[in-house]
Amino acid sequence: MHTGKILIVDDDHNLLELVRTRLEAANYEVITAVKGEEAKEALNGNSIDLSIVDLKLAGQDGMSLMGELHAINPALPVIILTGYGSIEGAVEAIKKGAYGYLTKPIDPTELQLQIGRALENRRLVSENVRLKELLKEKYDFTNIVAKSDIMQKVLAGVSRIAQAESTVYIHGESGTGKEVIAKAIHLASERKNKPFVAINCAAVPEALLESELFGHEKGSFTGAVRSTKGYFAQAHEGTILLDEIGDMPLSIQPKLLRALEERQFYPIGGEKPIHVDVRVIVATKKDLAEEVKKGLFREDLFYRIHVIPVRLPPLRERKEDIPHLVSHLLQKIARQLKKDVKGLTPQAMKKLMLHDWPGNVRELENVLEYAVTMAEGEIVTAELLFETGAPMAVGSQESARRAVLLPVDGPLNSLKQARAEFEKAYLIRLLEHCSGSAAKAAEIAGKYRADFYDLLKKHGINLQEFKKTD
Ligand SMILES: Nc1ncnc2c1ncn2[C@@H]1O[C@H](COP(=O)(O)OP(=O)(O)OP(=O)(O)O)[C@@H](O)[C@H]1O
Ligand SMILES: [Mg+2]
C-alpha cells in the first residue's frame with residue numbers, strides 16, 4: 001500500500017530518477033514532471049498529497065509554479081528544492097507558502113523527514129476539517145430545545161451514539177419528542193444523505209403491517225395488484241424508525257426479529273431474499289419490559305432492539321425548558337400561521353409553568369397554536385391558554401360539546417379551528433354513545449382503530465372517562 005502520492009518537478013532527469021527510486025523504496029507513489037505545464041496537468045488529474053518543486057526550472061521559476069499549483073489545490077504541501085547557497089530564495093519560498101525546502105545535493109534522511117512531517121501536517125489539517133464538519137452536524141440539534149440538565153445529558157448521549165450503527169431504543173411518553181430525536185440521530189450519522197423512513201406500527205392495521213414493512217409480490221394476496229417495496233427496502237443505506245414498536249402485533253414479531261438478525265427478509269410471496277443495510281431506531285411510549293412480562297411482546301425481540309436505550313423525560317420533569325420551548329414554538333407557529341405574535345404576558349407564562357403537561361411538548365405546541373390563532377395583538381394573554389374549546393385543552397369536554405353550535409353572533413374562528421372543535425365534540429358524543437368502546441366507536445366513525453386512537457390523542461380525550469363504571 002502506498003503511503004502517499006508525490007509529484008516531483010525538476011528539469012534534471014537524473015535527479016528525478018534518483019529521488020523517484022528513493023521514494024518508491026519508501027513506499028510512496030511518484031509522478032515526475034520536467035515542466036510547469038506537465039506538473040499542472042498531473043495535479044489536475046491525480047490526487048497528489050505533496051509536491052517537490054525545483055526553484056530553478058528551465059522555462060519557469062519554481063516560485064511562480066508553486067503559486068499556480070496552489071491555485072489548483074491550496075492545501076497542497078510544496079517542498080522547494082534549491083541549489084547550494086541560495087538560502088534567500090528558500091526563505092522567500094516559505095514566506096510565499098512553501099511547506100519547507102531542501103538543498104541540493106539532497107540528503108536522503110532530510111528528504112524522508114520533511115516529507116513525513118508535511119504529510120502528517122496535511123493529515124491533521126484534513127482531520128480538523130472533518131471535526132468542524134462534525135460540529136456543523138451538531139448544529140442540527142439546534143432545532144431541539146434542551147436547556148435543562150436532564151435534556152443536555154440526553155443530547156450529549158445522542159450525539160455520541162449517532163455515529164454508531166447499533167439499534168437505538170427511544171422510550172418516552174407521548175409528545176416528548178421521540179421522533180424529533182430519531183431524526184436528529186439520523187442527521188448526525190453518516191447515513192444523513194440517505195433515506196430516513198418512519199413507520200408508525202400502531203397506525204397500520206395488522207393485516208397490512210407485514211406488507212408495509214417488507215413489501216410484497218404482485219398477486220401474493222387479495223388486493224396485491226402490484227408488487228411493492230416495503231419500508232425496510234426503501235430505507236436501504238439509511239435509517240428506519242419503527243415508531244410505537246410496542247404495538248407491533250405478536251404475529252409479525254418473529255419475522256421482524258429474523259430481519260433484524262439477518263439483515264435480510266422475504267417480501268410476502270417473494271422467493272428471493274432482500275438484503276438491506278439499515279440502521280434501526282425504535283420508539284415506544286409503552287414500558288416494553290412490562291409488555292414482555294404480560295406476554296404481549298417477545299422477549300428475544302425486546303433484547304434485540306434494547307441495545308442503546310434513550311429515555312426522554314416528560315415535560316413536567318424539566319419545566320425549566322418550558323420558557324425556551326415557548327419562544328421556539330411561538331416563533332415557529334407564528335411563521336406558519338403568518339401571524340405577528342411575539343410573546344406572552346407574565347401571567348400567561350405562569351399558567352404554562354404551573355400546568356402538568358400530560359401531553360408533553362406536543363400538548364404545549366397545540367395550546368400555543370390555539371392561542372396564536374386566537375390572539376388579536378402581538379402578545380398572548382393568559383385567557384387564550386387552555387381556553388374552553390381549544391383542541392388539546394384536556395378536560396374541557398363540556399365546552400367542546402357546546403362549541404358545535406356555531407355562534408350566531410360573536411367572533412368567527414378559522415375553518416381549521418372550527419373543524420377541530422367539531423371533531424372533538426363529535427368524538428365526545430360518539431364515545432358517550434358507545435360507553436367508551438373504542439372498537440364500536442371506530443366502526444361507527446369509519447376509522448381504523450389505530451387512526452381512531454390517534455384522533456383521541458390529538459384532542460386529549462381519555463377513553464377511560466367514558467367507560468361505565470356501574
Ligand atoms: N425538545 C424539543 N424541542 C423542540 N420541539 C420539540 C421538542 N420535543 C418535541 N418537540 C415538538 O413536539 C412535537 C412532538 O414531538 P414528537 O412527534 O417527536 O414526539 P413523540 O414523542 O414522537 O410523540 P408521540 O408519542 O405522540 O408520537 C413535535 O411537533 C416536535 O417538533
Ligand atoms: Mg411519535
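The expected span of a helix is 1.5 Å times one less than its number of residues. The model discussed here is a predicted one.

Q: How do you know that the span of helix α1 agrees with what its 13 residues should give?
A: Helix α1 takes in residues 13-25, and at 1.5 Å a residue its 13 residues should span 18 Å. Its end C-alpha atoms are 18 Å apart, so the two values agree.

Q: What makes the buried residues of α1 line one face of the helix?
A: The buried residues in α1 are Leu15, Leu16, Val19, Arg20 and Leu23. Seen down the axis of α1, they fall within an arc of 130 degrees, and therefore they line one face. An α-helix has 3.6 residues a turn, so residues three or four places apart point the same way. On the other side of α1, the residues His13, Asn14, Thr21 and Ala25 are exposed.

Q: Why is Lys40 called buried?
A: Buried means under 20% relative accessible area, and Lys40 has 19% relative accessibility, so Lys40 counts as buried. Lys40 has its place in helix α2, residues 36-45, and, when residues up to four places away in sequence are not counted, Lys40 touches Leu65, Glu68, Leu69 and Ile72.

Q: Where does Val34 lie, and which residues is Val34 in contact with, leaving aside its neighbours within four places in sequence?
A: Val34 lies in the loop between β2 (29-33) and α2. Leaving aside those neighbours, Val34 is in contact with Asp10, Asp11, His13, Leu16 and Leu57. Val34 and Val53 are 19 residues apart in sequence, and their C-alpha atoms are 9.8 Å apart in space.

Q: Why is Ser211 called buried?
A: The relative accessible area of Ser211 is 5%, and since the limit for buried is under 20%, Ser211 is buried. Ser211 lies in helix α8 and touches His216, Phe221, Gly230 and Ile268, not counting residues up to four places away in sequence.

Q: What makes a set of residues a nonpolar core, and which members of the largest one touch the most other members?
A: Such a core consists of buried residues of nonpolar kinds, Leu, Phe and Ile among them, joined through side-chain atoms within 4.5 Å. The largest nonpolar core has 30 residues, of which Leu213, Phe232, Leu242, Ile245, Leu256 and Ile305 touch the most other members. The elements that give two or more residues to this core include β7 (196-200), α8 (206-214), β10 (239-243) and α10 (253-262), and the largest share, four residues, comes from α10. Apart from this core lies another, of 24 residues, among them Leu329, Leu364, Val367 and Ala375.

Q: Which residues is Leu242 in contact with, leaving aside its neighbours within four places in sequence?
A: With those neighbours left aside, the contacts of Leu242 include Ile199, Cys201, Leu213, Phe232, Leu256 and Val280.

Q: How many of the 470 residues, as a percentage, count as buried?
A: Of the 470 residues of the protein, 45% count as buried. The protein has 19 helices and 16 strands.

Key:
Residues numbered from 1 in each chain as written. Chains lettered and ligands numbered in written order. Predicted model: local features only at pLDDT ≥ 70, side-chain atom pairs only at ≥ 80, totals over all residues. Heavy atoms only, no water. Buried < 20%, exposed > 50% of the residue type's maximum accessible area, 1.4 Å probe, protein only. Contact = heavy atoms within 4.5 Å. Arc of directions from axis to C-beta.
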